[in-house]
Amino acid sequence: MAEMEVKSSGGKKGPGVKKGKKLSTRVDLTPMVDLGFLLITFFIFTTTVTQATAMKLNMPKDTKDKNQENKVKESGSLTLMLGKGNVIYYYYGSDPTKMQTTGYKDVRKIILDKKKNTPADDLFIIIKPDKDATYKNAVDVLDEMTINDINRYAMVDPTPDEYGLIQKTEQAGGVK
Amino acid sequence: MARAKIKRGSTHVDMTAMCDVAFLLLTFFILAANFKPTEAVEITTPTSVSNTHAPMKDAFTVSVDKDNRIFLNMTDEIKGDVFDELVQEKNMKVTPEDKKYFMATGFIGVPFNQLLQFIRIPSDQLKNIKLPGIPADSTNNELSEWIRAAKTAGMGKKLNFLIKADDNTKYPAFGKVIDAFKKNDEYKYNLITSAEDVPPGTPLYEDNLKAQHK
């Protein structure tokens, strides 16, 4: 392969001339292979991990006109308020004082229960992240909508009353 | 009696072929790698079950870090036009050199009045400077002006509006970004997330299973 045959030109040399020892031209390639594979490993790891995915979010147009607002049936609505410290406050219908507390692990069950007991056309989930909720909380809940195949949901700010209620609960529960 | 000599075979293996393969693969991976553009700050995105890839063409990315600062990224196709549009709108005095610097910056993270100094900072020094971020308050909403400039400049193209926020970004900061987009009548966004598996037993999981068997 890589060796070259060096032919001594003169055929037989004189009696006093020493024969030059032929040195092998082979190079040990093992370290080079090692290095090659090390770099390959490095590039594989850096390329595949950075693939970002995107989640589609469509927001409704703000409207001042009351008649254009979507009407939500009280029997079909579930409001999820996202509070401080990864806590969700939820209530059915339109009475915030009846709110209950849950976490992100159990919210799926609540949504699925509601979905089972409500006609599909009436079901509407209202997501209200408050001032202390994180972006992760909002994405998690939106993701939950995709996971549970909920088609009608909206993300709005909580009303001052609701925010007051959340704060009261948080103070009572000692959430910091 | 003389013992029969066993000829010892050489244990050397020819590494040339293996070396060839290794470097061929290495070349492939280097060429296939798309290097990450300079990130404004480190942002850990939340996970979602969404499996669509983030659009990378004509992308206008708003990033929000964990300190609720807002940064802006644009792809090169629209960047120059946006700058021209903005200069015209704000009546800024710029030189062609300014534009060259602007094209070279990876992201924007300062208000308009500091923009021309900001783009002259070499990118390796940006890490050491505490950047103020782009203001998006109701009194001084510069983010909204950037979006308007991008919309005017990208007329006829389909701009992709991406929002990239950190796990620990407070929701109001994200809300401000949404409000700035809404002001410009943009209601469709892509939230950048990392992939996550669909939990088994959920409606989406079963839908996916059905789709696979079809």
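No salt bridges are counted between chain A and chain B; a salt bridge here is a side-chain nitrogen of Lys or Arg within 4 Å of a carboxyl oxygen of Asp or Glu. This is a predicted model, in which local features need pLDDT of at least 70, side-chain atom pairs count only at pLDDT 80 or more, and totals for chains, interfaces and linings use all residues. Residues are numbered from 1 along each chain as its sequence is written, chains are lettered from A in the order in which they are written, and side-chain values use heavy atoms, with hydrogens and water left out.

**The interface of chains A and B**

- In chain A, 48 residues contact 52 residues of chain B; contact means heavy atoms within 4.5 Å.
- About 4500 Å² is buried between the two chains, and carbon and sulfur atoms give 69% of that area.
- Buried area is the accessible area (1.4 Å probe) that two parts lose on being put together, summed over both.
- On the chain A side, A:Thr53, A:Ala54 and A:Tyr135 lose the most area to chain B, together 18% of what that side buries.
- Twelve residue pairs, both at pLDDT 80 or more, are in polar contact across the interface.
- A polar contact is a pair of N or O atoms within 3.5 Å; within protein, one must be able to donate a hydrogen and the other to accept it, and residues adjacent in sequence count only if both atoms are side-chain atoms.

**What chain A contributes**

- H1(A) gives the most, with ten residues.
- Helices (H or I, at least four residues) and strands (E, at least two) are DSSP runs, numbered from the N terminus.

**Strand pairing between the chains**

- E1(A) pairs with strand E5 (residues 188-195) of chain B in the antiparallel sense, over six bridges.
- Two strands pair if DSSP finds at least two bridges between them.
- A:Met55 stands opposite B:Leu191 in E5(B).

**Chain A as a whole**

- Chain A has four helices and six strands.
- From the N terminus on, its elements run α-β-β-β-β-α-β-α-β-α.
- Of the 176 residues in chain A, 38% are buried; buried means under 20% relative accessible area, exposed over 50%, partly exposed in between (1.4 Å probe, protein chains only).

**A:Arg26**

- A:Arg26 lies in the segment before helix H1 (30-49) of chain A.
- A:Arg26 counts as exposed because its relative accessibility is 55%.
- A:Arg26 and A:Lys128 are 102 residues apart in sequence and 72 Å apart in space, C-alpha to C-alpha.
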